[in-house]
Amino acid sequence: MNTASLSLDEIYALAHKALLSAGASEEHADAVADVVTRAERDGSHSHGLFRIPGYVASLRSGKVNGNADPKLSMRSPVVLHCDGDLGYAPLAHRRSLDALAKAAKENGVATLSVTRTHHFAALWPETEALGQQGLVAIACVSYMPSVAPFGASEALYGTNPLSFAWPRPKSPPLVFDMATAAMAMGDVQIAARDGHPVPAGTGLNADGESTTDPKEIIKGVLLPFGGHKGSHIAMMIELLAGPLVGETVSFSSKERDSSDGGPPQGGEFILAMNPDILSGDEWHDQSEAFLEKLDALEGVRLPAERRYRNRQDTGPRQINSDLLEKIQTTLLPT
Ligand code: NDP
Ligand code: PYC
């Protein structure tokens, strides 16, 4: 794979310019470019610049409102709702997460439902931000049918990621963020682009047969991780990020979608919990002892450790040359 070296500032500038020139407002371009840059910084390549062509396509098609004005409202002291106004999720997060944190800190537990939004990013930016404020957080979104429920060979579930954050007194929060598909679609697409096979069990071809060829999986279906157990977690996310928040499940999101290659309209469910209220202020003694024991086990590494380590390197990042050329030649003003 040919790559080019870009500083984090250059990555931000490229994303920001492409979004602005496709019609995003300054606020949206900044919020999305920030999330894209942080993904590249942390090594979350499938949700960094790789997503810019999809973001631009959905602005150009008019599906996403580049001038969306997300509005936060309180349905109760602990139930917050953000109407995304058909824009991208990162600006809705900027306008809602501090209020969610405040409600959870005061009341012990609070939820944020985000509706009429388009989520095309990793989920750790939202859970990590809540973890940094001393809260336990869970977030999930659905997508478009790409994953066959356990036992089926037809897609119904999205790749439906789930992220969890746990605050730590002396270190950054413990965070995991994972698709409930055996592999995120973005990583399957990157493997197809780079000509790499994917592990057996990732998906099926269009005839319902197991394959390690990512191009065949893109024409067929992904499988859930962990057989029936992962399948049920994907089902739960369909319900939490759809009907519970007042949005659609993946299946209906696709029916409404214009197939422009960008993210579908959908919802997000975020739960924040204050362990000081739920447990009392001794909670971290036990959790720290547990996490230290876990971390000390031979062969174990804690989730987010890789990202946090990557983050310490403030130098340039290697970006796929074809992707860079595509953004520079077709998505920027001439
Ligand atoms: P990975 O399988 O790469 O990683 C999942 C989690 O496990 C991460 O927290 C990761 O931490 C951790 N992890 C990975 N390898 C190990 C290991 N060997 N030991 C311990 N922990 C490990 O993620 P996915 O490919 O499933 O998902 C990638 C991204 O795609 C996510 O950020 C997700 O939010 C995003 N996504 C977004 C969607 C959307 O609709 N917006 C849809 C689907 C996915 P670490 O990061 O430190 O490696
Ligand atoms: O990688 O599966 C994925 C994905 C879907 C939407 C955003 N990322």
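Predicted model: local features only at pLDDT ≥ 70, side-chain atom pairs only at ≥ 80, totals over all residues.
Residues are numbered from 1 along each chain as its sequence is written, chains are lettered from A and ligands numbered from 1 in the order in which they are written, and side-chain values use heavy atoms, with hydrogens and water left out.

The loop that holds Ser142 runs between β5 (136-141) and β6 (162-166); helices (H or I, at least four residues) and strands (E, at least two) are DSSP runs, numbered from the N terminus. Leaving aside residues up to four places away in sequence, Ser142 touches Asn160, Ile237, Glu238, Ala241, Thr248, Ser250 and Gly267, where contact means heavy atoms within 4.5 Å.

## Ligand 1

The shell around ligand 1 comprises 21 residues, of which the closest are Ala121, Asp177, Ala179, Arg301 and Arg306; a residue belongs to such a shell if one of its heavy atoms lies within 4 Å of the molecule. Both β7 (174-178) and α12 (305-311) supply at least two residues of this shell, and the largest share, four residues, comes from β7.

Several polar contacts reach oxygen atoms of ligand 1. A polar contact is a pair of N or O atoms within 3.5 Å; within protein, one must be able to donate a hydrogen and the other to accept it, and residues adjacent in sequence count only if both atoms are side-chain atoms. A polar side-chain atom of Asp177 lies 2.5 Å from a ligand 1 oxygen, an N or O atom in the side chain of Arg306 lies 2.6 Å from an oxygen of ligand 1, and a backbone N or O atom of Ala304 lies 2.9 Å from an oxygen of ligand 1. Taken alone, ligand 1 exposes 920 Å², and the protein buries 73% of that, with areas from the Shrake-Rupley method and a 1.4 Å probe; for residues, only the protein chains shown count as cover.

## Ligand 2

Oxygen atoms of ligand 2 lie 2.7 Å from a polar side-chain atom of Thr159, 2.9 Å from a polar backbone atom of Gly186 and 3.2 Å from a polar side-chain atom of Arg51. Taken alone, ligand 2 exposes 240 Å², of which the protein buries 91%.

## Trp283

Trp283 is part of helix α11 (residues 283-296) and counts as buried because its relative accessibility is 11%. Beyond residues up to four places away in sequence, Trp283 touches Trp166, Pro167, Pro275 and Asp276. With Asp276 there is also a polar contact of 2.6 Å between the two side chains.

## His16

Helix α1 (residues 8-21) contains His16, which counts as buried at 14% relative accessibility. The contacts of His16, not counting residues up to four places away in sequence, are Glu26, Ala29, Asp30 and Ala33. The side chains of His16 and Glu26 are joined by a polar contact of 3.0 Å.

Key:
Buried < 20%, exposed > 50% of the residue type's maximum accessible area, 1.4 Å probe, protein only.
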